[in-house]
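Please look through the structure shown here before reading the points that follow.

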Amino acid sequence: MPRAKANIWSWLLGFCLLVGLLVLPQVLSYSQREIAVLLIINVLLVSSYRLMTLTGEWSLGHVVIMGVGAYASALFSKRLGIPVPISMLLGAASAGGVAAILSFPLFRMKGFYFLIGSFAAGEVIRLIWKYFTYPFGGPKGLKLIPGFPDIGSISFFEPEIYYYLCLFVVAVSLFVLYRIERSRIGLTFHAIHWQDKLAESVGVDTFRYRMLAFVLASFFAGLSGALYAHYIGTINPTRFDVEEMVFVLIWAIVGGTVTFYGPIIGVVVLTVMNEVILRSLGFDTARPMIYGGILIVSVLFLPDGLESLIPKVKGWFSGRVKKTGEVLEPEKSP
Amino acid sequence: MTELILQTVVNAVYAASYMSLIAVGLVLIFGVMGVINFAHGELYMAGAYTVVALYSQVGVPFFVTVVAGLIFVGLLGLLMEQSFFKPLRDNPLGGLIASIGFLLILQTSAVLGFGVRMAHIRPPTQAKFELIEGVVLTHQRLFVIIAAIVLLSLLHLFLRKTKFGWAMRACAQDREAAALQGISLSQISRIAMFIGAGLAGVAGALTAPLVSPTPYMGHSVIVTAFIIIIVGGIGQLEGAVVAAVLYAFVHTFVTTFYDGVVADITGLLLMLLVLVIKPTGLFGTKERA
């Protein structure tokens with residue numbers, strides 16, 4: 001474990017978080033467990049999105065890429081009879097492969113044009129699912145996707161058990177994502193973001209690194225899609241439309257993308273607020289409106305995202321000198 | 001066959017008219033303020049629901065409600081400018097996110113006020129021209145076409161002949177330089193936002209009897225508008241009009257002769273092709289934003 005010198009408090013906090021995550025399904029109601037599973041899947045989705053944004057390009061096709069993973073994994077297991085755990089990995093690899101192909105037209109663009117270009121590419125893929133009834137099921141999508149196989153007497157049909165499976169897969173993925181960012185490759189991504197011309201001048205092939213970031217991010221997005229497909233059991237093109245993408249964008253921006261944990265805070269806080277607090281207060285149809293209001297307020301008054309609050313909060317709690325950002329990260333990797 | 005082709009041409013002209021009203025508004029807002037208004041489709045929706053509220057439910061004459069739609073949606077645009085676009089002037093991504101928030105607010109307001117179901121509006125007139133045997137143009141569609149031509153001509157004159165128009169074009173070219181010439185960016189942004197939103201409102205109000213408004217109708221409109229402004233070149237008003245006509249013809253013809261989904265794919269591939277070959281759009285001159 002890197003940075004073992006991190007003080008005992010952060011280890012304690014990490015331990016509490018781990019125990020909390022393991023105990024969580026036991027204290028939740030059935031429907032809340034379902035939300036918890038989806039939340040964990042979304043944590044992976046938004047973290048993989050952050051890897052993409054490291055090179056400075058904001059994509060609007062990430063949810064469609066997640067859908068590629070979901071569709072591919074579902075088709076591999078349903079039509080070809082490949083065991084679900086393997087088909088999940090194959091689905092993730094397919095998402096990475098599609099991203100590799102899309103890199104060639106898309107990385108001719110930058111900034112705003114990339115944003116719109118990725119959106120167009122995603123919509124084309126989505127409409128292809130919608131148009132071809134075989135093998136994609138047309139507008140109604142795929143149904144009766146096989147679930148994760150039982151191991152002994154453990155049935156993954158239960159949200160509680162599937163929660164632990166997702167927790168494990170996502171924890172491993174987050175660890176890998178974290179290590180990638182801290183590796184030489186990740187540092188190169190940062191270099192391309194801030195100074196792409198300078199990076200090129202010292203011999204970095206920016207196209208290949210952009211493509212690598214896109215492919216890696218897409219692999220993990222595809223994995224989250226596969227986890228989703230085999231849990232819900234049915235997917236359709238509408239599930240992966242631009243509105244879902246907007247939510248990923250919102251999570252990332254409200255959370256902040258400077259730190260590894262920023263987008264995770266964003267998705268957790270907004271989901272808990274939206275699904276648990278507002279629902280229990282009895283707002284139902286008005287929820288999107290309140291969500292929209294909070295969005296505007298947070299962009300206006302918290303432009304650096306929720307992550308910018310963390311050093312302050314830590315300052316209140318410990319009363320000692322802050323080590324901004326660094327300390328909280330290792331606990332995400334049990 | 002000739003009738004079918006001619007009828008499709010008529011349909012395409014109608015589609016081009018209302019799409020260019022929407023796209024020109026979006027381009028105007030982007031050109032002057034440098035921000036993508038994601039809520040533009042919902043402004044169109046708000047225009048349509050103005051007609052539902054005033055014409056269908058209260059019984060105000062149709063053309064009065066169209067003017068009311070222009071003013072109401074224009075004021076919504078002013079509200080957006082004052083509440084978040086102005087404070088987020090230096091943060092285009094923040095402006096985009098805030099406009100998504102506003103989109104959700106408008107959508108939910110429509111759901112709460114009018115319900116999720118389609119609102120059917122009795123058209124003010126059922127009359128129609130029969131151009132030749134089998135080729136029909138309803139008066140309602142003709143209104144849209146005339147309104148688009150008149151409003152876009154007025155906008156063109158405004159931008160070319162008036163002082164405010166000159167100032168607005170100066171802002172679109174170079175904001176700092178315009179500010180140095182003593183042009184008030186806030187004032188010009190307010191005018192651009194009012195006009196841009198108002199055009200979307202008029203398009204929504206005029207097409208409301210033809211499309212049966214739903215609170216979620218803005219979604220497909222914003223996708224189409226994005227395609228049009230990319231093909232035309234971001235920030236190019238004339239480009240947006242030409243691209244709207246081009247897109248409307250391609251889309252309507254493919255829909256008529258093949259399938260709606262294929263038409264959507266064709267439109268998107270057209271846009272991707274433009275992005276790959278000439279990222280600044282067919283009429284774009286220089287890199288922006």
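**Notes on chain B**

1. The crossing of α2(B) and α8(B) is right-handed, that is, the near helix is turned clockwise from the far one by less than a right angle. Helices here are DSSP runs (H or I, at least four residues), numbered from the N terminus. This is a predicted model, in which local features need pLDDT of at least 70 and side-chain atom pairs count only at pLDDT 80 or more, while totals for chains, interfaces and linings use all residues. Residues are numbered from 1 along each chain as its sequence is written, and chains are lettered from A and ligands numbered from 1 in the order in which they are written.

2. The axes of α2 (residues 40-58) and α8 (residues 185-211) of chain B come within 7 Å and cross at roughly 50°, the axes being lines fitted to C-alpha atoms over the stretch in contact, with angles from 0 to 180 degrees between N-to-C directions. The two helices are therefore oblique to each other, a class left over once angles under 35 degrees (roughly parallel), over 145 (roughly antiparallel) and 65 to 115 (roughly perpendicular) are set aside.

3. Leaving aside neighbours within four places in sequence, Ile228(B) is in contact (C-beta atoms, placed from the backbone, within 7 Å) with residues including Met19(B), Ala23(B) and Tyr247(B).

4. Between the chains, 33 residues of chain B are in contact with 30 residues of chain A. On the side of chain B that touches chain A, α4(B) gives the most, with 15 residues.

Key:
Contact = placed C-beta atoms within 7 Å.
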